[in-house]
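Subject: A structure for you to look at

Hello,

Here is the structure I promised to pass on. Please open it first, then read my notes below.

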Amino acid sequence: MASCLDNHTIHRMVTVASVEARMSSVVAYRCPNTDNEVVTAIQTDNVTLMRMQASKLAIWVWCPHCMAGHQISADAAQVQDSRRLASLTAD
Ligand SMILES: [Zn+2]
């Protein structure tokens with residue numbers, strides 16, 4: 001059951017994978033309530049995200065639009081190049 005994994009577990013997995021791969025990409029998702037794109041602090045890469053999607057993992061993320069947490073499936077998450085963050089935060 002994916003719900004047995006808490007956010008810390010997944011965050012740690014992703015962080016470790018990121019350090020090993022030396023990537024600078026982060027996980028982004030679309031808020032289900034406001035339809036705004038949210039960029040998380042979770043660092044990952046495409047390979048890690050594909051593994052998470054294959055495992056049907058769910059991720060708990062903090063949403064700055066709702067001031068609450070969302071549980072999103074790995075299918076709904078995307079990898080964003082952190083170099084895009086400047087344009088996203090300028091929204
Ligand atoms: Zn939200």
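**What was found**

Glu-37 counts as partly exposed, because it has 14 C-beta neighbours inside 10 Å. The cut-offs: a residue is buried with 20 or more other C-beta atoms within 10 Å of its own, exposed with 12 or fewer, and partly exposed in between, with C-beta atoms placed from the backbone.

Two notes on the source. Residues are numbered from 1 along each chain as its sequence is written. This is a predicted model: local features need pLDDT of at least 70, side-chain atom pairs count only at pLDDT 80 or more, and totals for chains, interfaces and linings use all residues.

**The whole chain**

The protein chain has three helices and five strands. Here helices (H or I, at least four residues) and strands (E, at least two) are DSSP runs, numbered from the N terminus. Along the sequence, the pattern is α-β-β-α-β-β-β-α. The protein chain has 91 residues, and 23% of them count as buried. Now take its contacts with a separation of 6 or more: 60% are between residues 24 or more positions apart. A contact means that two C-beta atoms, placed from the backbone, lie within 7 Å.

**The sheet**

Three strands form an open sheet in the order β2-β1-β5, with antiparallel pairing. Strands pair here if DSSP finds at least two bridges between them. β2 and β5 (78–81) are at the edges with a single partner strand each, so one side of each has no neighbour in the sheet. On average, neighbouring strands of this sheet are turned by 40 degrees against each other, direction ignored.

Strand β1 (residues 25–30) runs antiparallel to β2, and five bridges join the two. One to find: Val-26 has Gln-43 in β2 as its bridge partner. Glu-37 also belongs to β2, which covers residues 37–44. Glu-37 is 28 residues from His-65 in sequence, and their C-alpha atoms are 9.4 Å apart in space.

**Helix α2**

Which residues of helix α2 (residues 46–54) are buried? They are Thr-48, Leu-49 and Met-52. Seen down the axis of α2, these buried residues fall within an arc of 95 degrees, so they line one face of the helix. The arc is taken over the directions from the helix axis to the C-beta atoms. Asn-46, Val-47 and Ala-54 are exposed on the other side of α2. After α2 comes Lys-56, with a positive phi near 55 degrees.

Best wishes

Note on methods:
Axes fitted to C-alpha atoms, helices over the stretch in contact; angles between N-to-C directions.
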